[in-house]
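Hello,

Here is the structure I promised to hand over. Please look through it first, then read my notes below.

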Amino acid sequence: MASLYELSRIMRPDDANIVGNVHGGTILKMIEEAGCIIGTRHCNTQNGDHCLAALARVERTDFLYPMFIGEVAHVSAEITYTSKHSVEVQINVLSENIVTGTKKLTNKATLWYVPLSLQNVTKIIEVPPIEYSSSEQEEAGKKRYEAQKLERLETKERNGEIIMSVSLPEPYTVAFSQSSLIHLVGPSDCTLHGFVHGGVTMKLMDEVAGIVAVRHCKTNIVTASVDAINFHRKIKKGCVITVSGRMTFTSNKSMEIEVFVDADYLVEAEKGKYRAVTAFFTYISLDKDNKPLPVPPLKLEGEEEQKRFEEGKARYLQNKAKRLADKECK
């Protein structure tokens, strides 16, 4: 089994919202940094082209407890499976109150990387295999690999959707809260290849999803979970990215928000705009004491919104059943 990689950082005011809750995007960015480091180190342990681990997918990530300004985030990463051209990294995040010494597990995440040659960014390098403690462990990893590969292919089939803007929408409708953010990709956003860090993209996605959630319920909100984040295509330095979010489902105490990232070449405009990343974020509404509040129901307009709502409801019930099953196993 590959060795662990750990990083720690104190949470500062710039990392949090106005009431002191650390942004989910801040945590996601740290998770991706740890995954990129351990993945890149592992893939460069063999002779041949030097490479950089590029983020391809993030599995569902639950935010188990909020983190606050002044706490220390401890991020630990471990490689748990390798295929011929991909690396699975599992990550845990602990928050530490440095006054009391109390630690809490706040996040668990699984990320998939592919190693790209530093000499030729289109060339994917073969991944050195890891040693497994048992054949059962290797087989479980292979099943996870096949499952995420299938889901990535299914997600690509629905990548043509575009969020359309609507003027003067009614409160609590999809159109009322939908939001977009436009960002010019600069050098500080990018890897050595000149492509955007996955963590930078995820932070922007969380910001947009958070705006959608606040517009809908007008309260303090925190990220509760993130379903699989699929990185379909790389985003190059100098591109303009449009990050768009829309509400798809509400339960009594949670909101699901679908987020798209579209990239557009600023100089080479003839190449056209393309869908780069997609994901679903779930938020909860909190009162001033960080207790969950009821979420206003989403008002649906049209068959498409009804269809997306039913799909979101199915994901909600599936995730709820999984959480209950996990509790029974402990």
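**What was found**

Helices (H or I, at least four residues) and strands (E, at least two) are DSSP runs, numbered from the N terminus. This is a predicted model: local features need pLDDT of at least 70, side-chain atom pairs count only at pLDDT 80 or more, and totals for chains, interfaces and linings use all residues. Residues are numbered from 1 along each chain as its sequence is written, and side-chain values use heavy atoms, with hydrogens and water left out.

Helix 4 covers residues 198-217. At 1.5 Å a residue, its 20 residues should span 28 Å; the end C-alpha atoms are 29 Å apart, which agrees. The expected span is 1.5 Å times one less than the number of residues. Buried means under 20% relative accessible area, exposed over 50%, and partly exposed in between (1.4 Å probe, protein chains only).

Helix 1 takes in residues 24-43. Its 20 residues reach 28 Å from first C-alpha to last, close to the 28 Å expected. Here 16 of the 20 residues are buried, so helix 1 is also largely enclosed by the rest of the structure.

**The annotated site**

Where does UniProt place the feature "active site"? The record, an unreviewed entry, puts it at Asn-17 and Asp-206. They are spread over 190 residues of sequence, yet they cluster in space, with a largest C-alpha distance of 12.2 Å. UniProt positions use the numbering given here, feature names are shortened, and annotations may be inferred rather than shown by experiment. Asn-17 lies in the loop between strand 1 and helix 1. Leaving aside neighbours within four places in sequence, Asn-17 is in contact (heavy atoms within 4.5 Å) with His-23, Asn-220 and Ile-221.

Asp-14 is found in the loop between strand 1 and helix 1. Asp-14 is exposed, with a relative accessible area of 75%.

Tyr-172 has a positive phi of about 70° although it is not a glycine. Tyr-172 sits in the loop between helix 2 (135-156) and helix 3 (174-177). At 34% relative accessible area, Tyr-172 is partly exposed.

Asn-290 is not a glycine either, and has a positive phi of about 65°. Its place is the loop between strand 12 (273-286) and helix 5 (303-329). Asn-290 is partly exposed, at 31%.

Best wishes
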